[in-house]
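Here are my notebook entries from a first look at this structure. Come along and check each stop as we go.

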Amino acid sequence: MNQESTLKGIRVIEVCNVAAGPFCGMLLADMGADVIKIEQPGTGDTLRSWSPITNGYSENFASLNRNKRSVALNLKDAADRQTAAELISQADVLIENNRPGVMDRLGLGYAAMRERNPRLVYCSISAYGQTGPRSQEGGFDLTLQAMSGLMSVTGEQDGAPVKCGVPVCDFTAGLYAAFSIAAALRQAQAQGEGTHIDVSMLGATLGIAALQTSQYFGTGIDPVKLGSAHPRNAPYQVFRCQNGYFGMAAGNNSLWKSVCAVVGREDLCEDARFLNTTDRAENQIALRIILEDIFAHADVDTWLTRFREAGVPCAPINNYSDVLADPQVEHMEWVRELELPNGSLTRTFASPVRFDARTAGILRRPPALGEHNEEVLAELRGASVTE
């Protein structure tokens, strides 16, 4: 099975901007769905203006909009709204990440589209959800990292609040949305009945915080920031050595014994403070001090080699330039050449999922704004004549 054929024949209309919705659309497009992105004439998706700009074209936009077609429609114009409604009425999926109520005011909300297309899977992505006391509040990844509790467990103890460097709330919402759409399509195809999927960035971010929420539910105590350390496991963090830092995670007693052997301190296995995972987690500051005193006698590469030979999970603290050049990334064929609409060539990180040991290729380069108006509208007219 080819990844690019799993959703072949599924048409998706994307009325989205920036990250969460476009990421969802791209995930479906990578699986072979025909994703038609509706954009505002003249400006298009906000991401089109984000740097880095290569010969007038945003590489940020390219990274989230491969394998799609672009149609420029002014949804404030009655004729263009009608065209959008016709496209949606013939589609399998609609993705939108506007503030709740916007699509209804445009006459393109779920209730209106369901009348025209009962089998439509309609997915709305928003900051807080389609209903409820916060539903009309806007949100960006930063504010959702703050609201969701993510910032309360990110960073060093006693440090100022910091956000995760990757926009995790945006992309997690996109992942939940794509998974939900794929599941809902089974029902739509089997029963001819669609549904309205409500994905919120807040809910998605809380959903991936299962270890933190369960800790609070079980103890009544808020989880706290621990830097790179783990609240219930040790040694399991970043350690300083002679010339920098490396990460090492001995997540069970067997691996802990291997650590003790690597550092030449088998006696630590019998230390009452470090007998089991719980003991080591409770005394991990003392454990870190002991280990870093030993690590100070050799460099990063030496310790990584020793721990790898002993089967202990460990890793360097990579920059993106480091990891993208890693032989494992090369082996998986994740970095692919990508053509921009202006003919310039760049690189992109392709779908990380492999089907039958094969990494999917790039089906379509990212589109220029409105590039496919004539093509898509011709298809629409052809479908209308057929009907």
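This is a predicted model: local features need pLDDT of at least 70, side-chain atom pairs count only at pLDDT 80 or more; totals for chains, interfaces and linings use all residues.

**Entry 1: Around Thr154**

I began with Thr154 and, leaving aside neighbours within four places in sequence, found it in contact with Val162, Lys163, Cys164 and Lys225. Thr154 sits in the loop between helix 6 (141–147) and helix 7. Is Thr154 buried or exposed? I looked it up: its relative accessible area is 19%, and buried means under 20%, so Thr154 counts as buried. I then checked the pair Thr154 and Lys225, which lie 71 residues apart in sequence and 5.5 Å apart in space, C-alpha to C-alpha. I also followed the side chain of Thr154, which reaches the backbone oxygen of Leu150 at 2.7 Å.

**Entry 2: Another threonine**

Next I turned to Thr172, which has its place in helix 7. Thr172 is buried, with a relative accessible area of 8%.

**Entry 3: The cores**

I asked how many residues the largest nonpolar core has. The count is 33, and Leu28, Ile95, Ile125 and Ile181 have the most contacts inside it. Helix 1 (20–30), strand 6 (93–96), strand 7 (121–126), helix 7 (168–191), strand 8 (195–200) and helix 8 (201–207) each supply at least two of its residues. Helix 7 gives the most, with nine residues. I picked out Ile181 and listed what it touches beyond four places in sequence: Cys24, Leu28, Val93, Ile95, Val121, Cys123 and Ile197. There is also a second, separate core of 26 residues, which includes Cys241, Phe274, Leu287 and Ala298.

**Entry 4: The domains**

I noted the domain assignment: domain 1 covers 11–210 + 352–384, and domain 2 covers 236–321. The centres of the two domains, taken over C-alpha atoms, are 42 Å apart.

**Entry 5: Salt bridges**

My count of salt bridges came to 18. In one of them, the side chains of Arg48 and Glu39 meet at 2.8 Å, N to O, and both residues are buried. I looked at Arg273 and Asp271 too, whose side chains meet in a salt bridge at 2.8 Å, N to O. Here Arg273 is partly exposed at 33% relative accessible area, while Asp271 is buried at 18%. Glu371 forms a salt bridge with Arg365, with the closest N and O atoms 2.7 Å apart. Glu371 is partly exposed, at 34%, and Arg365 counts as partly exposed, at 27%. Last, I traced a network of salt bridges linking Arg11, Asp34, Arg69, Arg364, Glu375 and Glu379.

Terms used. Residues are numbered from 1 along each chain as its sequence is written. Side-chain values use heavy atoms; hydrogens and water are left out. A nonpolar core is a set of buried Ala, Val, Leu, Ile, Met, Phe, Trp, Tyr and Cys residues joined through side-chain atoms within 4.5 Å. Buried means under 20% relative accessible area, exposed over 50%, partly exposed in between (1.4 Å probe, protein chains only). Helices (H or I, at least four residues) and strands (E, at least two) are DSSP runs, numbered from the N terminus. Contact means heavy atoms within 4.5 Å. Domain bounds come from an automatic or database domain assignment. A polar contact is a pair of N or O atoms within 3.5 Å; within protein, one must be able to donate a hydrogen and the other to accept it, and residues adjacent in sequence count only if both atoms are side-chain atoms. A salt bridge is a side-chain nitrogen of Lys or Arg within 4 Å of a carboxyl oxygen of Asp or Glu.
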